[in-house]
Amino acid sequence: MFTIFLQSLATGILIGGVYALMASGLSLIFGVMDIANAAHASFAVLSAYIVYWFYVKYGVNPILGSIFSIVLLFIIGVALYRFVVSRVSELMAFTLLFMISMFMENTMVFTWTNLYRRIVIKALSRSFEICGVYLPLDRLVAFAIAIGAVGLLAYILKYTYFGKAVRATMQNIEAASLMGIDVKRIYIITFGLGIVLAGIAGVMLGIIYPFYPAVAASWIGLLFAIVVFGGLGSLTGTLLASLILGVANSLVSTYYSSSWAPMIAFLVLIITLWIRPSGLFGRILR
Amino acid sequence: MRRLIPLLIPILLLFLIPLLPVELFYIDFLLLLYMYAINAMGWNILAGYTGYVSFGHAAFFGVGAYTTAILMDKFGVSPFITSILGGLAASIFASLIGYPTLRLKGAYFAITTLSFGFVMEILFLNLESITGGAHGISLPLPPWDIRTFKIIFYYAFLISLLLVTYTTYKLERSRLGLALKCIRDNELAAESIGIPTTTMKMIAFMLSALFLGISGGLYSYYATYIDPPTAFSPNISMYAIVMTILGGGGTVLGPIIGAIILFTISQFTRYTFTVPGIDLMIFSGVAILVILFMPEGIVGRLREREVEIP
């Protein structure tokens with residue numbers, strides 16, 4: 001009985017780490033430029049598809065495929081912000097990005113069909129057993145990479161000049177630009193960086209879960225719930241919220257029914273916005 | 001009265017169409033077009049006039065559809081009463097969901113409504129004892145022959161469309177409409193000049209949901225079968241959004257014009273290409289282009305021209 005609980009807890013934490021990676025990109029974009037990237041999960045799926053096709057069709061090593069996918073997504077993200085998203089207001093940007101996600105989703109259906117895909121890596125299809133709790137190697141690796149990437153992001157934000165500029169922009173655009181920060185450039189790079197984070201997370205999710213184009217729609221609600229619950233612009237908050245929601249989803253799936261799991265994210269979102277709109281760690285009250 | 005004549009003639013023509021010996025396909029085409037136009041106009045009341053862009057309006061369509069289905073299946077209530085009840089149910093439901101969400105601004109409102117559309121499908125899939133879960137509900141078959149059946153629904157959808165058009169027309173010229181537009185343009189200013197913004201937004205939300213509920217209520221009997229994925233299909237929200245954006249949000253005729261153009265395109269592509277996803281690809285593509293290059297929509301653009309000429 002207790003083993004089941006531990007197993008559920010472990011699964012939740014492992015998946016929570018991957019949520020954190022995806023949500024941190026969303027939180028970064030939302031926090032810095034006030035744009036809710038409705039297409040965030042679609043970029044994750046796109047990245048999973050790129051790696052999948054390179055791996056299956058041409059036998060390209062998934063690591064190499066991921067690097068290619070990351071570079072490509074950064075270029076797409078930068079171009080998308082520079083030429084498309086920056087042309088409209090923040091409010092309209094949500095609708096625009098939602099339509100872009102719809103366009104991406106249906107183009108993916110059109111070119112790659114609706115079939116379930118999964119990046120199966122033989123070397124990772126093992127699992128460890130600790131006290132009756134099974135830890136699949138692929139999830140462990142995904143968790144480690146995700147936490148590593150979030151850590152790297154935290155390091156960049158905290159200790160580099162670029163990170164300092166990003167945080168300054170997040171706090172006060174006018175003051176930041178008066179201090180000589182090229183705010184426009186920060187925006188462009190942040191957008192690209194956020195989408196790259198989604199891309200890495202997409203590959204991780206493609207390894208541990210089956211995916212298909214419409215799967216983005218079921219992730220995006222969860223991601224927004226995490227970002228709002230954790231508090232905008234707080235990486236610690238996002239990480240904590242991801243782990244909490246990952247564990248909550250896992251526990252509900254274990255003890256109740258997996259079909260109810262998406263309700264949790266919605267309830268968390270509604271309750272957070274109702275009671276504490278700034279989230280767990282958010283400083284900005286809206 | 002004289003001003004009304006140019007309006008009444010096309011309406012009369014629309015009423016006469018089913019009496020002519022036209023193929024059933026066209027009646028079917030038109031009644032579905034009316035349905036999407038009603039949805040778009042309902043969405044427009046909230047998003048176009050009030051500026052609160054909702055991505056989960058399929059929820060109200062679904063609530064209307066299920067109200068009709070459950071009332072007919074379990075209690076044998078007449079379908080045309082139930083569709084109105086469906087509208088009212090959607091409206092009441094909107095008031096419940098509007099209470100926590102309408103206080104949210106901009107992207108936060110959009111995010112909440114986006115997940116809310118998905119959650120409703122899950123809720124109805126799981127509440128099996130009431131909704132039949134994934135099996136859905138089969139409604140009693142209509143007693144009429146197929147042509148009479150379609151003609152009856154043609155009129156039902158047409159009358160509902162006229163009702164929502166009239167409501168929007170009246171709304172635009174009422175104090176309520178002015179208040180809503182004021183909220184859209186600057187909510188803080190609206191509040192400071194004494195507009196009870198919360199009440200006004202709630203009325204707009206409930207009115208908006210009412211029409212989607214009616215349309216859903218009619219649809220479930222028209223389709224004679226309803227299940228959560230069709231009743232709460234994100235495509236219903238998507239169609240309403242894109243049609244309104246293309247035609248012009250915050251105008252009376254915009255959503256109808258958008259519906260005519262896009263529904264024709266979607267039907268054309270459905271019969272030409274058998275690949276799934278192509279209609280939504282075109283829809284989202286159109287929406288992206290319109291948002292970037294003509295955010296005021298077709299009617300908005302025409303109106304601007306009119307104003308420019310002295």
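Predicted model: local features only at pLDDT ≥ 70, side-chain atom pairs only at ≥ 80, totals over all residues.
1. Residues are numbered from 1 along each chain as its sequence is written, and side-chain values use heavy atoms, with hydrogens and water left out.

2. Over all chains there are 44 aromatic pairs (rings of Phe, Tyr and Trp, the last by its six-membered ring, with centres within 6.5 Å; planes under 30 degrees apart are stacked, over 60 edge-to-face, the rest tilted). One of them, A:Y81 with A:F191, is tilted, at 5.4 Å centre to centre and 35 degrees between the planes; this pair links helix α3 (residues 62-83) to helix α8 (residues 183-208) of chain A, its members being 110 residues apart.

3. A:Y81 counts as buried at 7% relative accessibility, as does A:F191 at 0% (buried is under 20% relative accessible area, exposed over 50%, partly exposed in between, with a 1.4 Å probe and protein chains only). B:F25 is partly exposed at 40%, and B:Y26 likewise at 46%.

4. Between them, chain B and chain A bury about 3,600 Å², of which 84% is on carbon and sulfur atoms (accessible area, 1.4 Å probe, lost on putting the two parts together and summed over both). The count of salt bridges between these chains is 0 (a side-chain nitrogen of Lys or Arg within 4 Å of a carboxyl oxygen of Asp or Glu).

Note on methods
Chains lettered and ligands numbered in written order. Helix = DSSP H or I, 4+ residues; strand = E, 2+ residues; numbered from the N terminus.
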